[in-house]
Amino acid sequence: MERTILVRYGEIHLKGLNRPFFERALMNNLRDALRPFVGARVERRDGRVYVEGVAPEDEKAAVDRLCRVFGVHSVSRVVGVDKGLDSIAAAALDLIREAAKEAPATFKVRARRSDKRFPLNSMELAAEIGGRALKALPYLKVDVHRPQIMLDIEVRERAYLYTDAKKAVGGMPVGTGGRAMLLLSGGIDSPVAGYMIARRGVAVDCVHFESVPYTSGQARQKVIDLATIMAGYCGPMRLHIVSFTEIQQKLYEDGPPPLLTILMRRFMMRIAERLAKKRRCGALITGENLGQVASQTMDSLNATNAVVSIPVFRPLIGFDKAGIMDRARQIGTYETSILPYDDCCSVFVPRHPATRPRPGEPEKAEAKMDVDAMVEAALSGVETLDIRPAENEW
Amino acid sequence: MIYLDNSATTKPFGEAADAVDRALREDFFNPAAAYSPAVQLHTRIEKGRAQMLRTLKADTGKLVFTSGGTEANNLAVFGALSAMRGRDRHVVTTTVEHASVAGVFHTLEENGYEVTWLPVDAHGALRPDTLKNALRADTCLVSFMHVNNEVGAINDILALSELTKKHCPRALVHCDGVQAYGRLTPNLSVCPIDLYAVSAHKFHGPKGAGALYVREGVRVAPLFMGGGQEGGLRSGTSNAPATLGMLEAARICYRTQRELVGRLSGCKRALVEGLAGIGDMFVNGPPPEEGAPHILNVSFLGVRGETLLHSLEQHGIYVSTGSACSAHSHMESRVLAALGIDGERLLGAVRISFGAYNTPAEMPEVADRIRTEVAHLRRYRRM
């Protein structure tokens with residue numbers, strides 16, 4: 001008897017001729033995710049991915065880790081035995097006993113065989129094992145519609161049995177959908193937005209704007225920590241840190257106060273787009289959410305959108321704040337996001353920010369500035385950090 | 001780099017760091033063991049203990065080695081009160097104590113003690129007449145700091161302790177000496193202080209070491225139960241590396257105290273002179289020449305302390321804020337508020353604290369940098 005972990009992937013099956021490409025990406029990401037589990041091997045057989053060589057005491061942690069890899073649909077701990085009916089029955093009883101914990105429970109056995117030479121067909125095998133289980137464990141009852149315990153048996157080159165299928169994050173393997181640049185602020189929304197796009201198979205780079213001396217090293221560390229949490233799902237990624245102080249001071253001196261936030265956002269978008277092109281990103285991602293703050297009204301979004309030509313993904317646009325917070329808690333970024341360090345957006349906040357900039361208004365204000373030179377200057381000081389998932393660090 | 005946050009921690013003396021290193025690599029023994037290298041280590045520590053006790057001019061009494069200032073303060077107050085036999089439940093402290101003392105008194109309050117929190121004067125010092133009015137027949141412990149860590153106010157510990165003993169002979173006097181030891185080391189043969197706490201890393205020793213002086217005859221109950229080290233007052237395998245580092249730092253401070261204080265006050269004087277003429281600048285706490293030689297707390301109106309801190313940081317100058325503040329949370333300084341400081345002056349406070357590695361010669365550069373940064377930041381007053 002040996003134990004292995006079975007990884008099922010969902011949506012990839014939809015992808016006709018591209019399928020090998022998606023599978024390769026998934027395999028690579030799985031290997032990367034399992035790096036802390038020394039000795040773990042990822043193998044593909046019969047259109048399934050199996051993970052072998054995980055120490056029994058690490059199995060639960062490995063399953064949890066695999067469940068966070070985008071593209072994985074569900075994960076099961078599997079017992080493999082030889083194809084004798086007695087060995088299958090013995091393994092089945094062990095698994096059911098473990099799942100039922102000696103308490104009354106309903107169960108169902110489901111069998112499949114790809115080895116058609118196996119003497120029993122699927123229905124017969126399920127009935128046989130179910131019968132033996134009922135006889136051996138009197139506290140069991142059969143329920144074929146909504147069983148509490150579902151025992152699966154698959155007969156292939158060996159027989160594989162499992163009871164638990166842990167639901168994973170789903171989505172598509174990171175890297176199969178190109179790359180995009182996330183504007184990561186340090187707040188609650190942007191990590192969630194990045195997560196959602198990464199889950200569609202997109203590799204994410206992050207850009208963060210800081211305003212030293214108005215923002216501190218603690219604020220920077222917070223953003224690094226957020227990116228590190230995201231890397232737990234998205235894999236290793238790059239974080240670009242842009243010093244934004246000079247632009248903010250220039251806007252403060254020369255820009256009309258109500259427009260400060262919108263002008264600032266326009267500069268951020270310009271810089272992010274430039275970095276995106278350099279890194280071959282096909283889009284920008286923001287955590288913007290319609291109506292949340294003055295710079296996120298439809299008019300303001302139009303004004304900030306106008307300065308870039310690549311698509312801007314705003315996956316949170318129609319969410320409400322509570323919904324975003326719930327997702328941030330699920331992902332694990334919430335507690336870090338709410339640490340109280342100023343970010344560059346809370347520096348020089350106008351008393352009465354414009355919520356409905358008139359068309360042409362921001363352009364008029366910018367006409368007095370050397371916009372290109374300001375963007376160039378900011379780009380020349382970009383610092384790029386490599387972010388790896390925390391568990392890969394040691 | 002010009003490091004001016006010596007009230008937060010100091011860079012260890014090279015000799016102190018060497019002593020720690022040697023103890024870690026070579027003399028790694030448990031000083032309680034019976035073979036000769038361990039016995040020699042034990043002997044060195046005990047000799048050092050006696051010498052350090054002498055720096056406090058204490059011929060009797062004992063010095064208990066702890067993990068630092070916080071533990072020393074906790075052991076002093078909790079330990080002394082729990083060893084008391086009487087029923088008295090009135091204790092006295094001030095509103096400007098360090099968190100390791102204030103926290104202890106808050107806990108005492110929750111546990112049925114009556115705490116009198118005494119106000120301080122506009123410079124941050126406790127006045128003897130304020131203390132006098134608070135003393136009662138059932139007062140069993142009085143605690144005040146020697147030097148305030150935020151503004152550098154120096155308490156008249158002789159007057160305060162004598163006054164306490166005069167009116168409440170049975171009350172114990174605890175003094176948090178963390179910011180004073182090594183610079184303003186007290187004479188405990190004259191001052192009737194019963195418990196005096198120090199921390200090694202504030203006087204160029206290593207982190208993780210501190211000491212509590214306990215006057216002869218004063219009973220203290222331990223906080224930790226275990227192997228009975230430190231005369232039963234502090235169980236736990238003795239931290240020989242940190243202790244030897246502390247003893248080395250204490251020795252250097254003792255030998256060079258006069259020179260050290262001269263250097264610290266020279267730095268302070270030079271910086272104050274360099275800052276002269278900056279408009280809307282306020283010194284918080286005592287006037288520079290009256291406060292501790294190593295602490296200067298100043299506010300520049302219109303500039304947040306935190307912002308100035310980070311802009312000096314960009315030029316390799318490290319200071320601290322009197323009050324950390326952000327748009328989301330206001331953690332204003334309790335001490336400055338107790339001194340009646342508020343508004344822009346409270347938000348603008350920065351604490352500049354000097355150490356043995358600073359020189360008066362580098363202060364003009366610091367002053368010029370502050371002048372430039374303040375002028376620059378004042379152009380962008382935040383809305």
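Which handedness does the crossing of H8(B) and H11(B) have? The crossing is right-handed, in what is a predicted model. Beyond this helix pair, the briefing covers a helix pair of chain A and the interface between chain B and chain A.

**Helix pair in chain B**
- Helix H8 (residues 305–313) of chain B packs against helix H11 (residues 363–378) of chain B at an angle of about 125 degrees, and their axes lie 10 Å apart.
- H8(B) and H11(B) are therefore oblique to each other.
- On the H8(B) side the contact is made by B:Thr307, B:Leu308, B:Ser311 and B:Leu312, and on the H11(B) side by B:Arg369, B:Ile370, B:Glu373, B:Val374 and B:Leu377.
- Sorted by class, the contact of H8(B) with H11(B) has five nonpolar, two polar and two charged residues.

**Helix pair in chain A**
- Helix H8 (residues 260–278) of chain A and helix H13 (residues 371–380) of chain A pack at an angle of about 60 degrees with their axes 10 Å apart, and the two are therefore oblique to each other.
- The crossing of H8(A) and H13(A) is right-handed, with a contact to which H8(A) brings residues including A:Phe267, A:Arg270 and A:Ile271, while H13(A) brings, among them, A:Val371, A:Met374 and A:Glu376.
- The residues of this contact comprise eight nonpolar, no polar and three charged.

**Interface between chain B and chain A**
- The contact draws 17 residues from chain B and 19 residues from chain A, and the two chains bury about 1600 Å² between them, 58% of it on carbon and sulfur atoms.
- One salt bridge is counted between chain B and chain A; A:Glu253 forms a salt bridge with B:Arg379, with the closest N and O atoms 2.5 Å apart.

Methods: Residues numbered from 1 in each chain as written. Chains lettered and ligands numbered in written order. Predicted model: local features only at pLDDT ≥ 70, side-chain atom pairs only at ≥ 80, totals over all residues. Heavy atoms only, no water. Axes fitted to C-alpha atoms, helices over the stretch in contact; angles between N-to-C directions. Helix = DSSP H or I, 4+ residues; strand = E, 2+ residues; numbered from the N terminus. Parallel < 35°, antiparallel > 145°, perpendicular 65-115°, else oblique. Left-handed = near helix turned anticlockwise from the far one by under 90°. Contact = heavy atoms within 4.5 Å. Nonpolar A, V, L, I, M, F, W, Y, C, P; charged D, E, K, R; others polar. Buried area = accessible area lost by both parts, 1.4 Å probe. Salt bridge = Lys/Arg side-chain N within 4 Å of Asp/Glu carboxyl O.
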